[in-house]
Amino acid sequence: MTFNQNLLLRSAIAIQDQLHPLTLVKSRLELPTATWDRCQSLLAQLRRAIDLSWLHSAAVMRHDLEQMLQQLQGEISIFNGRLEPLTHESPRASVRDIYADLVALYDEFTEVKINRKERSISVTTEPIVLEGIYLGPFEILLNWRDLGPGSSGSYRVIALDAYPAATNDSVTHPHVQDEGLCEGEGRKPIRKALEQGRVLDFFLIVANLLRTYNSGSPYVSLSDWNGSSCADCGTTVNSDDIYSCEKCNTQTCNDCYVSCSRCDGIYCGECTSRCEGCGERSCQSCFDVCQGCLAELCRNCLDENERCPDCHEKQEAAIQSTEAEAEFETCPSIQSDSLGQTPVPA
Amino acid sequence: MKVLVINNDGGGFADYVEVAPGTTVAQLFERQVGATKPDRYLIRVNRQPCPTDQVLQEGDRISFTPTKIEGACR
């Protein structure tokens, strides 16, 4: 493996300088004097309010002063935390260590790039294949401004031959979204490596993370990587949004599945029909034949005698008519009172 | 004698530790990592792959990096 010794040495010196605790904290080493001044001002106002016996104003001033003192305590605590890296005795990489790390990167990775102008180091992994799914090689790009105590740990994981999840283009690896790696159990060792300037360890940990699949917590699980296709519209969707037809097991998406209006079962479009009576879609099991006209309708549209609304009305009308006739026939004959027996005067 | 031990597992331990002369990589691994199998780790002495029976020297840098590190989604 060939590398530019001069470039590596100059980079190691620049990285080591970045690791110096003062580099990171000196710009933030300011006592909270503004808050202190505000406390003094509030105290002066409180004294004046007491002198003048302005009890209400004094109470307000006292309340404000208490709050400002709490803020001051918080700011002092933060300032104290910023001093901590100056006294922490954690081993920190020397120029020699960093140089050796940079050299070792060439043994561990197929490609290493160091850009002094951009202050970045990147390595390229071998093509990553997890559970038979090809995800391609990844470039791990670290800006060495992110090294040292209190580092933000921002680095990028770039898919060089991306094969993203079918349902989300920004997910190029089960644990990478928008070029950000969700570190999971690697978080602490990565922070530690960045803090101490252990460049080689940082890249080894991230690369091993990329080589590992945690099925318990992925952005997109590998079983869903290629998504599922809806048989009705052809759209590729996450398997959580796929419904299986209760009759034929066809897979349909959230937009295409049909819930039977009568039994609430889940079906594909082909296993349901639109009822001519009510216009709702129902499964075949919930259709029946009208005993009157033999039309197929959903059971919601058939009466208890399995007749459609039209036949139901006709039947009702027929029944009413029959009843009327029967009533007419069974009633006593209507005759004129004493017909033919008109009294005749004597 | 002192060696620098880096365990990139768990919390990411990295510090100088005292070891007896003649200590091997395998012995140090067992002491620092525990009963886990060494083949689940990238073991490097002074950044180079090494046999587990290699005897450590004063000032060596030994790192243990798990080959399987589980990421997450948030």
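Select A:Lys113 and then A:Ser122 in strand E2 of chain A: the two residues stand opposite each other. The model in the viewer is predicted.

E1(A) and E2(A) form a hairpin with 4 residues between them. Which residue in the turn has a positive phi? Pick A:Arg119, where phi is about 55 degrees.

To find one facing pair, select A:Ser120 and look across to A:Asn143 in E5(A).

Now move along chain A to another sheet. Strands E7, E8 and E9 of chain A form an open sheet of 3 strands, in the order E7-E8-E9 and with antiparallel pairing. Its edge strands are E7 (171–173) and E9 (180–181), each of which pairs on one side only. Select residues 176–177 to show E8(A), which pairs with E9(A) in the antiparallel sense over 2 bridges. Where does A:Gln177 find its bridge partner in E9(A)? The partner is A:Gly180.

The helices come next. Select residues 5–19 for helix H1 of chain A and residues 95–108 for helix H5 of chain A. The two pack at an angle of about 130 degrees, with their axes 8 Å apart. Angles over 145 degrees count as roughly antiparallel and 65 to 115 as roughly perpendicular, so H1(A) is oblique to H5(A). Their crossing is right-handed.

To display the contact, select these residues:

- from H1(A): A:Leu8, A:Leu9, A:Ser11, A:Ala12, A:Ile13, A:Ile15 and A:Gln16
- from H5(A): A:Val95, A:Ile98, A:Tyr99, A:Leu102 and A:Val103

Coloured by residue class, the contact of H1(A) with H5(A) divides into 10 nonpolar, 2 polar and no charged residues.

Finally, bring in chain B. The contact between the chains takes 27 residues from chain A and 23 residues from chain B. On the side of chain B that touches chain A, select strand E1 (2–7), strand E2 (13–18) and strand E5 (61–66) of chain B, the elements that give two or more residues to that side. Colouring this side of chain B by class gives 9 nonpolar, 8 polar and 6 charged residues.

Notes:
Residues numbered from 1 in each chain as written. Chains lettered and ligands numbered in written order. Predicted model: local features only at pLDDT ≥ 70, side-chain atom pairs only at ≥ 80, totals over all residues. Pairing = 2+ DSSP bridges. Contact = placed C-beta atoms within 7 Å. Nonpolar A, V, L, I, M, F, W, Y, C, P; charged D, E, K, R; others polar. Axes fitted to C-alpha atoms, helices over the stretch in contact; angles between N-to-C directions. Parallel < 35°, antiparallel > 145°, perpendicular 65-115°, else oblique. Left-handed = near helix turned anticlockwise from the far one by under 90°.
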